[in-house]
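Dear colleague,

I am passing the structure below on to you, and I would be grateful if you could look through it alongside the notes that follow.

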Amino acid sequence: MLVHSRPARRAVHTLFFLLFVPVFALPLLVIVAASFASSWSGALPSGTTLAHYRDIAQGDALNALLTSVLTALTASVAALTAGTWAALAAEKLGRRTRRLLDALFLLPVAVPSVVVGLSLLVAFSRPPFLLNGTPQIVITAHTVLVTAFAYQSVTAALARLDPAYEQSAAGLGARPAYVLWRVKLPLLLPSLTAAAGLCFALSMGELSATMMLYPPDWTPLPVQIFAATDRGSLFAGAALAVALMATTLLVLLGVSRIRTKASYR
Amino acid sequence: MPDTEPGRTKALWALPPVAALTLVFLYPLALVVWQSITPEDGGHSTAPYTQVFAEASFRDALTTTVLIAVGATVGALLLGLALSLVIAFVPFPGGKALSRFIDIFLAFPSFLITLALLFLYGTVGMANGLWTDVTGAAHGPLDFLHTPWGVLLAEVTYFTPFVMRPLLAAFSQVETGQVEAAASLGARPWRIVRKVILPEALPSLAAGGALVLVLCLNEFGIVLFTGAKDVVTLPMLVYTKAILDGDYTGACVVAVVNIALSVALYALYRTVMSRTGGGGAGSLTGGAPHRAGA
């Protein structure tokens with residue numbers, strides 16, 4: 001406790017909420033409010049309507065949501081596989097080589113997403129790899145962008161893992177593959193599901209690289225939201241944004257349930 | 001050691017993921033650099049660089065990018081420090097829930113903030129609506145969203161949680177005994193913050209700030225959604241050149257400059273991190289927002 005007198009504490013808390021509410025809480029609330037608004041010219045929305053949600057249920061938006069979910073699922077699985085594999089392999093390497101692997105796999109974070117998109121566009125529009133204009137190029141971009149996060153989470157989890165389990169299993173004669181499958185991966189499961197949730201959320205909201213790459217028949221939700229707001233349909237954009245946030249939250253919630261179940265074992 | 005595999009076999013296990021990364025990330029990046037030194041009229045030279053550097057639009061974009069990134073980082077650091085100090089040291093009921101809320105915030109895409117700001121401070125937004133309702137004026141006073149200030153506000157909002165995560169982790173390591181002792185010896189709160197708390201949290205603050213600076217330099221969604229013609233940052237310029245103008249060589253030149261800037265900063269960040277340990281800032285999102293089982 002830093003501030004002891006009650007009035008001073010109250011003043012600090014008031015100041016805190018004066019900063020916190022408009023900056024963090026209000027934006028998310030306002031998007032939800034706008035998604036139900038028929039028009040907004042005063043301080044508050046002047047009418048409520050479900051029309052924007054009905055439009056989602058009928059139009060391209062549902063398709064975009066499905067596209068986003070499929071992209072995010074595929075990218076998360078691919079990123080998790082690559083990231084976990086790399087992290088497990090890095091753990092066995094010497095200090096120097098491990099550092100190099102760390103740097104390599106974390107590099108996509110430092111490179112702007114737009115540039116990742118541009119680079120895939122440049123690389124895969126020419127032989128030997130022709131992917132330009134396919135859904136695969138979007139999924140590849142998302143995978144590149146989220147693999148770093150999977151790698152980082154698994155590396156951190158491996159560092160926290162008690163080596164005694166692995167050693168005693170090996171001491172009892174279990175072969176490395178068996179130790180990995182029956183001891184290490186189950187112990188890593190909570191971190192893996194958490195990493196999967198993070199990868200999914202990041203991929204769902206990815207816009208920068210997607211804007212560089214998306215083919216007309218594979219437009220993820222963020223692109224759709226941009227298209228809506230760009231042509232001035234702010235309320236429709238807000239409804240799409242709510243759909244995006246709700247889907248992301250649902251998946252994160254589901255993932256955290258798996259996590260709590262796993263931690264009981 | 002339990003496994004008896006020779007060192008070479010272990011290294012072989014690292015090959016498949018590295019090969020995959022090379023194919024989808026390093027090889028494309030190399031091609032970007034290659035394309036940037038390949039002018040349209042054939043051959044290889046640094047002519048594209050001279051040409052792009054001579055453009056006023058490029059120099060403006062570079063200045064805008066750096067200024068906005070530095071401004072947003074400073075803003076996020078100050079706001080994040082203030083908010084984290086209150087959550088950690090002047091606790092109130094619901095503070096835990098707030099830090100959970102901040103985790104969720106990190107999982108959302110950045111452009112949602114700009115979208116929200118349009119409803120809050122846009123020309124027909126909440127704040128201006130309130131003003132016209134109260135004063136009866138035809139227009140509200142706020143019209144800054146399409147200026148660099150709008151981008152700055154959105155970036156400060158979006159990136160402050162990235163500073164708060166590692167800070168809150170570092171603050172939880174500060175001995176409450178030290179704070180209590182300093183207070184009972186008559187130190188004022190501000191002095192305690194400066195002399196006891198800040199020195200402990202400095203590595204996390206530096207790490208969080210460096211990460212946010214890199215992310216701000218690379219931010220695209222916020223700028224795109226702002227839709228202002230006169231706010232062009234480097235990522236935006238890459239997009240405009242490549243997609244709208246079809247000038248891939250020019251786009252690659254800007255991309256190389258952007259990569260050089262961000263990667264240099266990121267390398268600095270990693271060095272700071274490995275020197276100091278960086279508290280809870282070891283993770284990309286500043287102290288793994290969805291840290292499992294820990």
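Residues 62-269 of chain B have end C-alpha atoms that lie 21 Å apart, and this span is 78% helix and 0% strand, where helices (H or I, at least four residues) and strands (E, at least two) are DSSP runs numbered from the N terminus. For these residues UniProt, in an unreviewed entry, lists "domain: ABC transmembrane type-1", an annotation given in the numbering used here, with its name shortened, that may be inferred rather than shown by experiment.

The model is a predicted one, in which local features need pLDDT of at least 70 and side-chain atom pairs count only at pLDDT 80 or more, while totals for chains, interfaces and linings use all residues. Residues are numbered from 1 along each chain as its sequence is written, and chains are lettered from A and ligands numbered from 1 in the order in which they are written.

Chain B as a whole comes to 13 helices and zero strands, and its C-alpha atoms fill a box of roughly 80 × 75 × 30 Å along the principal axes.

As for the pairing of the chains, 82 residues of chain A are in contact with 79 residues of chain B, contact meaning that C-beta atoms, placed from the backbone, lie within 7 Å. On the side of chain A that touches chain B, helix α1 (residues 6-35) of chain A gives the largest share, 14 residues.

Within chain B, residues 24 or more positions apart account for 76% of the contacts with a separation of 6 or more.

Best regards

Note on methods:
Contact = placed C-beta atoms within 7 Å.
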